[in-house]
Amino acid sequence: MKSATPPNGHMPQPSALERAFIMRFTSTPRGARLARRLVSHRLNDWGHPYTTPVNETLTLITAELTANAVRHGHVPGRDFHLHLTLAEDVVRIEVTDTRAEKQPPSSPPATDSLSESGRGLLLVAALADDWGVTPRRAAPGKTVWAQLHLRQQCHPRTQRVAPEPTDVDLLLATASLLRDHLGSRPAS
C-alpha cells in the first residue's frame with residue numbers, strides 16, 4: 001500500500017480527457033454485484049472490451065472492494081459510493097463506505113489455506129499497480145482505492161515479487177469463483 005496522498009500533497013486534478021462514473025449502491029451483496037457489472041459495462045463503453053485484461057482486472061478489483069465495503073464497512077441504512085475514473089493512462093476505482101473504525105490493514109494479511117475468505121486484499125494488491133485508504137471527506141468513513149496503469153501493447157508490465165505458489169493457486173481459485181458462468185447457474 002502506498003501513501004494516502006501523492007508526494008506533493010495535492011490530489012490530482014481532473015484533465016479534459018478524463019472520464020468518470022459515479023454511483024451510490026445499497027450496502028448489500030446485490031449492490032456489490034451491480035457495482036461490479038456496471039464497472040465492467042462502463043469500461044466496455046470506454047473502449048476496454050469485456051474480455052480484455054484491463055476490463056477483467058478492474059472488474060475483479062471492483063468485486064473485492066465492493067464486497068469489503070458491504071461486509072466490513074456496512075452501517076445499517078447507509079450506502080456505499082463507487083467512483084471510477086479513466087484518465088490518459090490510469091484507471092482508478094474508489095469505493096467509499098461510512099464505517100471509519102474498520103480500516104483495512106496496510107498490507108494484506110496471510111490467510112489460512114483452508115479459509116474460505118480473507119483473500120480480497122491479496123487480490124487487490126496483486127492486481128493493482130497502487131492501492132490505499134483515505135479518510136472520507138466531510139463525513140465519517142473511508143475510501144479504499146486502487147489504480148491500474150494502462151500500458152501500450154509493446155510495453156511489458158513491471159516485474160513484481162510473486163506470491164508463494166500456494167497463494168497463486170488460492171488467488172486463481174478465488175478469481176474463478178467470482179466470474180459469472182451463465183451455463184453453471186442453477187435454473188430458477
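Two strands count as paired if DSSP finds at least two bridges between them. Helices (H or I, at least four residues) and strands (E, at least two) are DSSP runs, numbered from the N terminus. The model is predicted: local features need pLDDT of at least 70, side-chain atom pairs count only at pLDDT 80 or more, and totals for chains, interfaces and linings use all residues. Residues are numbered from 1 along each chain as its sequence is written, and side-chain values use heavy atoms, with hydrogens and water left out.

**View 1. The hairpin of E2 and E3.** Two residues lie between the strands of this hairpin, in which Glu88 takes a positive phi near 45°. The pairing of E2 with E3 is antiparallel and runs over seven bridges. Opposite Arg92 in E3 stands Thr85.

**View 2. Strand E3 and its pairing with E5.** E3 covers residues 90-97 and is mostly covered, with seven of its eight residues buried; buried means under 20% relative accessible area, exposed over 50%, and partly exposed in between (1.4 Å probe, protein chains only). Eight bridges join E3 to strand E5 (residues 142-149) in the antiparallel sense. Thr96 has Thr143 in E5 as its bridge partner.

**View 3. Arg92 and Trp145.** The charged end of Arg92 sits over the ring of Trp145, at 4.2 Å from the ring centre. The rule for such a placement is that NZ of Lys or CZ of Arg is within 6 Å of the ring centre and within 35 degrees of the ring normal.

**View 4. The aromatic pair of Phe25 and Phe80.** Rings of Phe, Tyr and Trp (its six-membered ring) pair if their centres lie within 6.5 Å; planes under 30 degrees apart count as stacked, over 60 as edge-to-face and the rest as tilted. One aromatic pair is found by this rule. Phe25 and Phe80 form the pair, which is stacked, with 5.6 Å centre to centre and 25° between the planes. Phe25 belongs to strand E1 (residues 19-25) and Phe80 to strand E2 (residues 80-87), so the pair ties together parts that are 55 residues apart in sequence. Both Phe25 and Phe80 are buried.

**View 5. Thr57 in helix H2.** Helix H2 spans residues 53-72 and includes Thr57. Thr57 counts as buried because its relative accessibility is 15%. Neighbours within four places in sequence aside, Thr57 is in contact (heavy atoms within 4.5 Å) with Leu127 and Leu148.
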